Amino acid sequence: MALEKTRKWRWGTKRWIVLGLIILSVIGQKLIAPVQPHIQVAAEALTKPLFSLPVLGDFYITNSMVAMLLMDIVIIVIALLVKRGVAKDTTLVPRGIAGAFEMAVDSLYNMAESTAGKYAKKIFPWFASILIIVLFANLIKMLPGFETIGLLEESSHGYATQSLGGNWYTVLNQQVEEGGYIVKPFARALSTDLNFTAALALIVVLMTQVIGVQAQGFHYFGKFFNTRTMFKKPILGFMDFLVGLLEIISELSKILSFAFRLFGNMFAGMVLLALIGVMIPVFLPSMIMFFELFIGAIQAFVFGMLTLVFMAQATQGHGGEEEHA
């Protein structure tokens, strides 16, 4: 009986803590009203042009590049910790972070082997690298300060500011017609930059063709330019040739689908999180952040699995060629 009463008392304490946090968030929202965020599709430049290229134009350091550097640092640090854990562990079963990553890599390799068969060793590095990069790119934006701390930029629809001391200012929820400012964040979620997602898409599609050629030789291009039956069976041969042209369009469309799927989902999540934080800034944004965390992990898994499936399909012979043979 005593144990049962103790459990009820602890659960009641937790409920009071949650209620207290909700009340504090309501009071904080009344005292410091949140500012409507400035949402921009393109990544913002943080520096003046560093150099200019003939075709690409001026080169800037953008806030998405800062996020990319942070992501690289996090991945390198984790890799060094895993290496250190493996080196220090004298047993055959690694523990801690090394054991966790060994289990994750083993699961990914088994997945690649079950899908790609004997070509798993060629496909796995690309599949695992893409999945890990996208996962960290999606999750690192949960760090405090992302998209909230940055440079002040004068704008026609900006807000009033208040000095915090030195060169530090805070933006007030008071919109002004002249002399207002908006925040240009130092770091922005990397997956919300279309340049990043398009670059990943180009790499995946290009390496899919490379792996296809390595597996099938130059016969791989037969599915794009199928002229084997053009003169033997003119009508069916012409249809096979048209199907090959559709295959080219299908391969090119993968670039668009890859790039815009990841960009659209992550950018929509960023906008949703920002707007919910302004409209309903009481307890709900934390739930949206957990949901965004889940979406980021799912998108990384989807991007990686599509990479694995497309590369595995490229190693297989074309059905039409096998039938003619």
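Predicted model: local features only at pLDDT ≥ 70, side-chain atom pairs only at ≥ 80, totals over all residues.
**Entry 1: α3 against α4.** I looked up how helix α3 (residues 96-116) packs on helix α4 (residues 120-139), and found an angle of about 130° with the axes 9 Å apart. Axes here are lines fitted to C-alpha atoms over the stretch in contact, and angles run from 0 to 180 degrees between N-to-C directions. That makes α3 oblique to α4 (under 35 degrees is roughly parallel, over 145 roughly antiparallel, 65 to 115 roughly perpendicular, the rest oblique).

Residues are numbered from 1 along each chain, and side-chain values use heavy atoms, without hydrogens or water.

**Entry 2: who touches whom.** I checked the contact (heavy atoms within 4.5 Å): α3 brings residues including Val 105, Leu 108 and Ala 112, and α4 brings Phe 124, Phe 127 and Leu 131 among others. I get twelve nonpolar residues, no polar and two charged.

Entry 3: I read 21 residues and a reach of 30 Å from first C-alpha to last, close to the 30 Å expected at 1.5 Å a residue. Ala 98, Gly 99, Leu 108, Ala 112 and Ala 116 are buried in α3 (under 20% relative accessible area). Just after α3, Gly 117 takes a positive phi of about 65°.

**Entry 4: Lys 141.** I found Lys 141 in the loop between α4 and β3 (150-155). Buried or exposed, I wondered about Lys 141? Lys 141 is buried, at 11% relative accessible area. Beyond neighbours within four places in sequence, Lys 141 contacts Phe 146, Ala 189, Met 266, Met 270 and Glu 292.

Terms used. Helix = DSSP H or I, 4+ residues; strand = E, 2+ residues; numbered from the N terminus. Nonpolar A, V, L, I, M, F, W, Y, C, P; charged D, E, K, R; others polar. Buried < 20%, exposed > 50% of the residue type's maximum accessible area, 1.4 Å probe, protein only. Expected span 1.5 Å × (residues − 1).
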